[in-house]
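Open the model in your viewer and keep the sequence panel at hand. The tour goes from a loop to a sheet and then to the cores.

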Amino acid sequence: MRAPARSWLYVPGHKAGLIPKALGSGADAVIIDLEDAVPAESKDQARVNAVTIAKDRGNAVDAPEIWVRINQAGSPWHDDDVAALAGSAIAGLRVPKAESVESVRAIAEASRLPIQLILETALGLLEAPVLARAHPSVVGISLGEADLSADLRVGPGGLDWARGWLVTAARAAGLPSPAQSVWTHVRDLDGLRASSIRSRECGFHGRTVIHPTQIPIVNDVFTPTDAEVAAAQAIVDAAQQAAEDGSSALLDANGRFIDPAVVEQARVVLSLARHDHVSS
């Protein structure tokens, strides 16, 4: 079983030479983009490249997860994207500008693939709790912050409330913690780290990235340290021992009372700790 992906690297689908490099970049997941990064005249070639990779590599255990961001519903390329990738061996589809339950259900039924919804408009954000439950094939939701900021007419610091709403909608629907949207200042790696640390504290796990230099930082931030893993394991072990002893009181090494919520959080840490990493 794979650990949840930390880094999700976008690669333009029409640039066939970049896709193998992306797959070898160290990212946990690679998103072959058929949408924003691809000019109209290259959409068909991008789709062919994505289908070829799906057949050649699929979702091999020793490879990064392969996702494809299709073109939005209503665009000239959307139906062909879904039809070409339907039932393929990729991990799933990323659906941009999701707004309509009916559209989400249609994509899910036609593709027979897991889908992640990208909420990029005020309407999509407002409907987040409904969209998250639109179909059993919906396995995640995330924000497209550039488009969303434009639609909401907010500045760079104006989306904290939207991020909190997204995390709440995802977890209320039983979905995994969402991945944070891209950090567009590619050369500002310190800013990326600070932003990623804050997003982890606010309930996100992982981040989409647009350049390989961002991958190590994102992987590091969203990997529990050895100290965090040891502390979590100690809590889980103590809870198990208390249960075996029939004790209702559970204290950690410092005498702090540990309730079931703390034990569950410790289990979450352990579930995220299956990547090889250097402790920090």
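**Stop one: a loop residue**

Select Leu250, which sits in the loop between helix H11 (226-245) and helix H12 (260-271). Keep in mind that this is a predicted model. Is Leu250 buried or exposed? Its relative accessibility is 10%, so Leu250 counts as buried, the cut-off being under 20%.

Now show what surrounds Leu250. Not counting residues up to four places away in sequence, Leu250 touches Ala238, Ala239, Ala242, Arg256, Phe257, Ile258 and Val263.

Switch to cartoon view. Seven strands form an open sheet in the order E6-E5-E4-E3-E2-E1-E7, and the pairing is parallel. From one strand to the next, the twist averages 25°.

Zoom in on strand E5 (residues 115-119). E5 pairs with E6 in the parallel sense over five bridges. Select Ile115: opposite stands Val138 in E6.

**Stop three: the cores**

Select Leu117 next. Leaving aside neighbours within four places in sequence, Leu117 is in contact with Val95, Ala98, Val104, Leu131, Val138, Gly140, Ile141 and Ser142.

Which members of the largest nonpolar core touch the most other members? Of its 57 residues, they are Ile32, Val68, Leu85, Leu93, Ile115, Leu117 and Ile141. Apart from that core lies another, of ten residues, including Ala232, Ala242, Val263 and Val269.

Methods:
Residues are numbered from 1 along each chain as its sequence is written. This is a predicted model: local features need pLDDT of at least 70, side-chain atom pairs count only at pLDDT 80 or more; totals for chains, interfaces and linings use all residues. Side-chain values use heavy atoms; hydrogens and water are left out. A nonpolar core is a set of buried Ala, Val, Leu, Ile, Met, Phe, Trp, Tyr and Cys residues joined through side-chain atoms within 4.5 Å. Buried means under 20% relative accessible area, exposed over 50%, partly exposed in between (1.4 Å probe, protein chains only). Contact means heavy atoms within 4.5 Å. Two strands pair if DSSP finds at least two bridges between them. Helices (H or I, at least four residues) and strands (E, at least two) are DSSP runs, numbered from the N terminus. Axes are lines fitted to C-alpha atoms, for helices over the stretch in contact, and angles run from 0 to 180 degrees between N-to-C directions.
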